[in-house]
Structure formats: structure tokens, C-alpha cells
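Here's a walk through a two-chain model, starting where the chains meet and then moving into one of them. Have the viewer open as you read.

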Amino acid sequence: MAVLNNIQALTHALDLAMEKHQNVIVYGEDAGYEGGVFRATVGLQQKYGEERCFDAPIAEATLVGTAVGMAINGLKPVVEIQFEGFSYPIIQQLFTHVARMRNRSRGRFTCPMVIRMPMGGGIRALEHHSEAMEAMFAHNPGLKVVIPSTPFDTKGLLLAAVESPDPVLFLEPTKIYRAFKQDIPDEYYTLPIGEGYKVQEGTDVTIVTYGAQVGDCEKAIEHLKGEGKNISVDLIDLRTIQPWDREMVIESVKKTGRLIVVHEAVRSFSVAAEVIATVNEKSFEYLKAPCARVTGYDIIVPFDRGEHFHQPSVQKIVVKIKEVLDYQF
Amino acid sequence: MYFDKFNALKNEKLQIMDNTGKILKPELMPKISDEDILTAYKLMCLSRRQDDFQNKVQRQGRMLSFLSSTGQEAAEVAYAMQIIKGKDWFSPAYRNNAAWLTAGIPMRNIMLYWCGNEMGAKTPEGINVLPVNIPIATQYSHATGLAFAEKYNKTGGVVLTTTGDGGSSEGEFYEAMNFAKLHEVPAIFIVENNQFAISTPRKKATKAINFAVKGIAVGMRNILVDGNDFFAVYGAVQEAIALARKGEGPSLIECETYRIGPHSSADDPKVYRDEDNHQEQIKNDPLIRLKAYLIAKKKWSEQEQTKLDAEQDQFIKDEFAWVEANNNVDLKDIFAYTYEEMPNFLAKQYEEAKAFFEAYPSKGGHH
């Protein structure tokens, strides 16, 4: 066992992946010599050489476009995009080729790859460094979208992403890169893509969340306990946005009758919208209150001085839990 | 041999044969057998006749819009015939009919694709040709990645890719070549400059003296060739491939040619092209040139041409008949290739669709 934060868990997982799979190639802007803007790839070039871990020119479209060619030709590219807010130039390759090559060629050519990028706010960053666009990626059939919330999950899900026969977008909540540490096993292990994780069991309300907001939700639940409120929460960390664990969520809502979805991404056409629509389709008759969501507003992510208004804070979650529990038809 | 002699910055153009089929520079003739020249010529004819046939059936509503290679056959056949099947790769554009046929894609696949069926894009095993690339210049990045893997795995293959003159305006055109040159990967980048990007003439697309010079910015060897001269294209590509195989990195080759037909069967070039220029340009038709060359060498005759035309017409008709008889899509097929394994939620959507279409059968095609 080693005590690691999320970034260290990432580096450790990439190291194991490169050791085990000779076809893994890690590259991105500054990802080689320096080890990436957050040092996720630190030491890999020194250990595996410039052929397998290198700095790429600042040209995001081609970072992913070359990965298409590499993957079709037997390599397993793991591409780092510096921030999700800089992912827009990759969208053409991602949506027109990465997501579609298997379907277009009826299975003759596939392009399994991992595209890693820091996502989300709360890090006092500049413009374009705090976006959370998971819904946009998840909206495109053919891609898998993963967002880990702990070092243990980061390692297991990244190794699963490397082994995935489908392309995976691996979105890393920047806010929790170094926020806390966790004991994680030294050996190679994977976690299933598509399965949620029950952080805690409860009976009064289901909270569905992922990424940096898992911690916020835990704090909100603690806060309510501190207020002397005896509230029993079924807290689900989705871990995977596409595919997401519909069964776990539906089963939970059938038990609790109440649902709150929490994420920092903007509200409209969001993961929350999708989860709530699905719950309405599959378990409407179990609901004791309208499904609710705590999300970012439908606005451009504010700069640092205004960002606290936008982020789903512990307090916002606390207030929403109370509203949902107090709701009377 | 060629790359050193022709300076694109001075707009020097490699041309070996003139537009009457006369060899102007015998000392520059590439190594190619008479048999291969004849094979190439027949492929050029086949692609041209296929284009003509498809134009007809498209107008009858039996095919969707497609992009014809008419006028560009010399370039496409000359580079594609040098791809070693199963070893080398071709990352095509959307206008590559002659190249696909030459690289071994069955004609029925191409027709099936333009008839709106993904099965046409399923390249047969043993042929490393990526499917039609509808976005512009993204295939250049794919070529760079494919070539990177060839170099990494030391498998010895080379990668050919092509785009139009319009494609050279896209950022990825430059980005991919920059990456390729940095890693000295075995890729050959071709620009089929056919003078138009849909209706935008070459002069309104760039102030560069030609497209070959665009390689200079990334440090890539480059050459401008007469794209209607089969021997010029063949020679330049032959040299580029040899250099790539020796580990000497990528090359950029501009083939200056002319799109005789429309951009796609959906547009009318008479609206935007200059008729006098058009009449001048079609005098350079690559088929006429190579045919004249072969006849002068007594390797070909009008009688043989008549026989070949009839054979090819029959073949094209038969292929299309097969396509019309086999252009079906199974409901499951539209779900099956989204992921390696169909996830649960998608399997449920498939069951939902299946139940629906069993209750309310779909006739297929457009309704």
C-alpha cells in the first residue's frame, strides 16, 4: 500500500500501464520532459524514453488525430490535453473520427485511446481552465467518459481506460488533484467502466454525483448531522458518465423516493437532466418529491472572483437536501 | 533524383511527358515496366467510366451524391499503385475513386458507400485503406499517427495520404506535417491540387506560389509535379517512398491537376468556372496523354480500347447490380458498432427499436 493523492495515483497508474503494455504511448503538450502542467506524467520519459513519452507541439487537433492513426495501427495512445477548456480543437477529430471509426468501418478499424484532461473549477485559474463539459462528450455515441473522485478510483479507472477497446475520455477534477491522500494498493488493478460506487447507504434521499462534488456532498451530509438532523442519504458516485449506472440509480430511487443530482457543469442538457429524465421514465411512481439538481448556472464559468457563486457549494447542497425532504405534494 | 532538382520556391514543376503523350525528358523517366503502365492506364479508364456511370445513376435517383475523380486519375493511380497491399497504408480524402480502385478496394464497396451503406466502408482484410474521410485534412493527422506506429513497431510500412488544394487551408494540414517531420515518420503527404475547393478557385484560397512550398515551413522536403503526367507523379512518389523506407522521413508532393467534373454530383461547375480556361485545361486530360503514349509505343490500339470499354462497362453494370441487390441494413447493424460490446442501456434501446419495427415494419430507405 502507498499513500497517494490523485496526481500521484495517476502517475503510478500510467507507470504500471507503460510497464505492462509496450504499445502505450504517452504524449501531450509538456507531457514529456517536464511531466505535464500538473506533473501527472512526471518521470515517465526518464524511465521509458522519448519514444514512449514525449512533448508534442501545441496543436490539439493533431494530438488526437495522430492518436487515431496510432490506435488503428496497433498502439495505445494516452494523450494529455492541458485543460478541458482547451479541448475544443480536438472536437472535430473526436466526434468525426474517434467516436465513429468502429461504426463507419463496420468494425474493421477501431481507435481505442485514452484522452486525459484536467476538468472543473475551484482552482483559482484563468479563463478556459475551469470548464466542465462532460455532457458534451457524453452526448456523442462511441465515446466513454470517466470522472474519478478518489486516488483509488483514479488508478483503477485509468488502467481500465487503457485496457478499454473503446476510446475513453478521462476527465480529472483539478480541484482534487492534491486535495487529499488515500491508501491504494501497489499492484495493477482495474475498476469497471460503467459502474457507480455507493459511497454511503441511506433511505431518505438519493444523491447522485461525481468528481470533485463527491467530497462536497459528503461534507453537506456531515453538516446536516452536525445540525442534529438525522438524515439517511444514499450517496452514489457515478464514476462513469457514459455509460452511467442507471440500475444503481433507479434501484436507489425506488428505495428512497427522492433524488438530487449534484455537479458543477451547467444545468441545461446536463448529466443531471439525463439522470432525472431516466428516473422519471423508470421510477416515476416511487417519487415522493420532484427530482432536484444542484448544478452550475447556465452561464460562462465566472473568473476567480465570481466563481464561488457558480460552484455547487456545501451550503447549496445542504439547502437543496432540506427542500427535497420537506417537500409536500 | 527529383526532389533535389525542382525548387518549388521558384515554381519549378516536374514534368516528364507533355499533353500529347510525348516524353520530354527521357532521362527523368521513373523505373516502371510497360506492363505496369498498361495496368495503370486500364485503372484510369475504369475509374473514369465508373464516374460516368455513377453520374447517370445518380441523376436517376439510384445513388446519393458522390465525388468523382474525373481529371485526377493519373495522380491517383500513380501513387496508389505503389502502396504495398497489407504492408503500407492509405489515408484517403473523399475524392479518391481511382486511388481506391488501384489500392484494391472493390468497386462494389465504393458504390455501396455512395449509396448510403456503411458496409461499403468496411475495407476488406489485407488492405490497409482507411474509409472515406469527409472532414477536410483530418486524414493528414491519421496518416502521421499510422506512420508513427510503423516507425515505432519497425514494421517497415509507409503511409500515403492526400487532400485537395482546399484542404491545405485547414490547420491540421500544417499541424500533422509538423508532427510528422518532428518524428521523421514514413509518411507521404500529397496535395491533389485540382484548382477548386468546391467553387473557391485556387487563387482565392492562398497567396502561396504553389502548395508544395507549404512543406517548407515545417522543414519537409517537397516538390511540385504535373499531376496529369502519370510518369511525373509516379517518379516523385517512388522517390518519396524509397526515402521514407530508408528512414529519411516524410515528403510533400503537390500534384497540379484539374477537376474536370463538379465538386460533387450536387453542384454545377458552370456557375463558377471560366469556360475558356476549362477548354484549355481539358486538353491536359491525363487519359488522353497516357493513351497517346501507349499507342505511340505500340502497346495499345483503338481496337483494344473499344474492347476494354465494353468489358469495363459490363463490369461496372454488374457491380452496381450487385449493390442494388445487396443494399440492405439490418436494424442491429446500426447499434452493433457503437462500442466493442453493446452496453446494457444501448441493448435496451435496441430491444425497444426491434419491438417497434416488428409492430410497425419499416420499408427501408427513405420514407
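## Salt bridges across the interface

A salt bridge here is a side-chain nitrogen of Lys or Arg within 4 Å of a carboxyl oxygen of Asp or Glu. Lys348(B) makes one with Glu247(A), with 3.3 Å between the closest N and O atoms. Between chain B and chain A the count is 5 salt bridges.

Before going on, some ground rules: this is a predicted model, where local features need pLDDT of at least 70 and side-chain atom pairs count only at pLDDT 80 or more, while totals for chains, interfaces and linings use all residues. Residues are numbered from 1 along each chain as its sequence is written, chains are lettered from A and ligands numbered from 1 in the order in which they are written, and side-chain values use heavy atoms, leaving out hydrogens and water.

## The rest of the interface

On the B side, 45 residues are in contact (heavy atoms within 4.5 Å) with 44 residues of chain A. About 3700 Å² is buried between the two chains, 62% of it from carbon and sulfur atoms; buried area is the accessible area (1.4 Å probe) that two parts lose on being put together, summed over both. Three tyrosines, Tyr152(B), Tyr337(B) and Tyr339(B), supply 19% of what chain B buries against chain A, more than any other three residues.

There are also 24 residue pairs in polar contact between the chains, both residues at pLDDT 80 or more. A polar contact is a pair of N or O atoms within 3.5 Å; within protein, one must be able to donate a hydrogen and the other to accept it, and residues adjacent in sequence count only if both atoms are side-chain atoms. H5(B) gives the largest share of the side of chain B that touches chain A, 11 residues. Helices (H or I, at least four residues) and strands (E, at least two) are DSSP runs, numbered from the N terminus.

## The sheet in chain A

Now look at chain A, where 7 strands make an open, mixed sheet in the order S3-S2-S4-S5-S7-S6-S12. Two strands pair if DSSP finds at least two bridges between them. The edges are S3 (53–55) and S12 (240–242), each pairing on one side only. S5 (114–119) and S7 (168–173) of chain A run parallel over 6 bridges, and Met119(A) sits opposite Pro173(A).

## Two loop spots to check

Gln242(A) and Pro243(A) are joined by a cis peptide bond, omega about -5°. Pro243(A) is in the loop between S12 and H9 (246–256) of chain A.

His128(A) has a positive phi, near 70°, and isn't a glycine. His128(A) lies in the loop between S5 and H6 (134–138) of chain A.
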